[in-house]
Amino acid sequence: MFARLAKMLVVTLSISALAACSSGGTTAREPETTAANASKPAATEAAKEEPRIVSTTVAVTQMMDALELDLVGIPTSVKTLPDRYKAVKEVGNPMSPDMELVKSLHPTEVLSVTTLKADLEPAFEAAKINATFLDLTSLVSMEEAIKMLGQKYERTEQAAKIVSQIDERIAEISKSTEGKPKPAVLILLGVPGSYLVATEKSYIGSLVQLAGGVNIASGAKVEYLASNTEYLQKSNPDIILRAAHGMPDEVIKMFDEEFKKNDIWKHFNAVKNGRVYDLPEELFGTTANLAAAEALKSLVPMLYPEAKDAA
């Protein structure tokens with residue numbers, strides 16, 4: 001049952017380009033070298049060729065813009081993408097890019113995220129497209145991905161600047177909450193028709209941890225767990241964060257209805273004390289993105305109302 005729910009969640013989350021393995025991501029197998037393409041002159045010519053990069057998610061596209069890198073393909077999304085790529089060809093939504101269209105752009109590399117790897121890697125391999133899956137499941141892994149791309153495409157200065165800005169914000173947050181009691185936090189991740197509990201392994205979970213909160217769903221090895229309201233009530237979180245994705249307005253209504261109709265919620269301290277917050281989707285995606293500093297800034301007053309001015 002949970003496996004089906006988790007699969008549905010992944011598919012639905014891809015609509016919002018929410019939508020990231022190690023310090024540089026993993027790469028699909030490249031086409032085998034044959035006698036026809038193994039000549040030294042061809043290899044030398046390829047080495048001088050300008051990179052032709054396709055980005056298939058919004059978060060990755062924003063990262064490439066910050067790194068001042070051109071793209072030949074971008075994802076199709078309702079979200080506003082950087083002006084740099086206004087005239088660039090769209091290749092479809094992050095979960096199912098048009099492989100024929102991608103291939104027609106003759107990319108030297110296609111960038112996606114590790115959360116979509118299981119679904120996309122076989123298709124990229126079948127099309128003989130060189131794909132790299134970036135790990136954006138946390139701020140730390142996103143910083144590593146940025147540094148890797150900076151080094152690979154000679155943008156180390158830009159990469160260092162991006163990472164420095166994120167690290168400075170984290171340091172400010174840590175200072176503003178230093179010595180304060182750590183609140184217990186429940187994070188609910190909702191899509192139309194269902195919701196799951198986000199663990200500390202999720203991106204939003206990593207933000208809560210950085211902001212000083214304690215996730216009640218700690219110790220899990222996966223990003224999301226099925227919701228069990230009785231168990232959650234026993235944990236009695238100080239704060240409930242609700243993240244709506246896919247169709248945010250519809251999901252928020254679903255949450256409101258759930259909290260009204262399901263009597264158990266009124267027994268939560270967070271509900272009794274009015275400490276239930278809806279996280280704006282533009283800041284709190286399911287994968288790490290360059291809005292992380294702003295997301296942390298908005299998160300601190302939710303966890304520490306007295307620290308509002310410091311944030």
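Predicted model: local features only at pLDDT ≥ 70, side-chain atom pairs only at ≥ 80, totals over all residues.

Residues are numbered from 1 along each chain as its sequence is written, and side-chain values use heavy atoms, with hydrogens and water left out.

**Helix 7 and helix 12**

- The axes of helix 7 (residues 156–177) and helix 12 (residues 292–303) come within 10 Å and cross at roughly 10°.
- Axes here are lines fitted to C-alpha atoms, for helices over the stretch in contact, with angles from 0 to 180 degrees between N-to-C directions.
- Helix 7 and helix 12 are therefore roughly parallel to each other (angles under 35 degrees count as that).
- On the helix 7 side, Arg-169, Ile-170, Ile-173, Ser-176 and Thr-177 meet Ala-293, Leu-296, Lys-297 and Val-300 of helix 12 (contact means heavy atoms within 4.5 Å).

**Two loop residues with positive phi**

- Glu-68 sits in the loop between helix 3 (58–66) and strand 3 (73–74); helices (H or I, at least four residues) and strands (E, at least two) are DSSP runs, numbered from the N terminus.
- Its phi is near 60°, a positive value in a residue other than glycine.
- Glu-68 counts as partly exposed, at 41% relative accessibility (buried is under 20% relative accessible area, exposed over 50%, partly exposed in between, with a 1.4 Å probe and protein chains only).
- Lys-128 is found in the loop between helix 5 (117–126) and strand 6 (131–134).
- Though not a glycine, Lys-128 has a positive phi of about 55°.
- At 57% relative accessibility, Lys-128 counts as exposed.

Terms used: Parallel < 35°, antiparallel > 145°, perpendicular 65-115°, else oblique.
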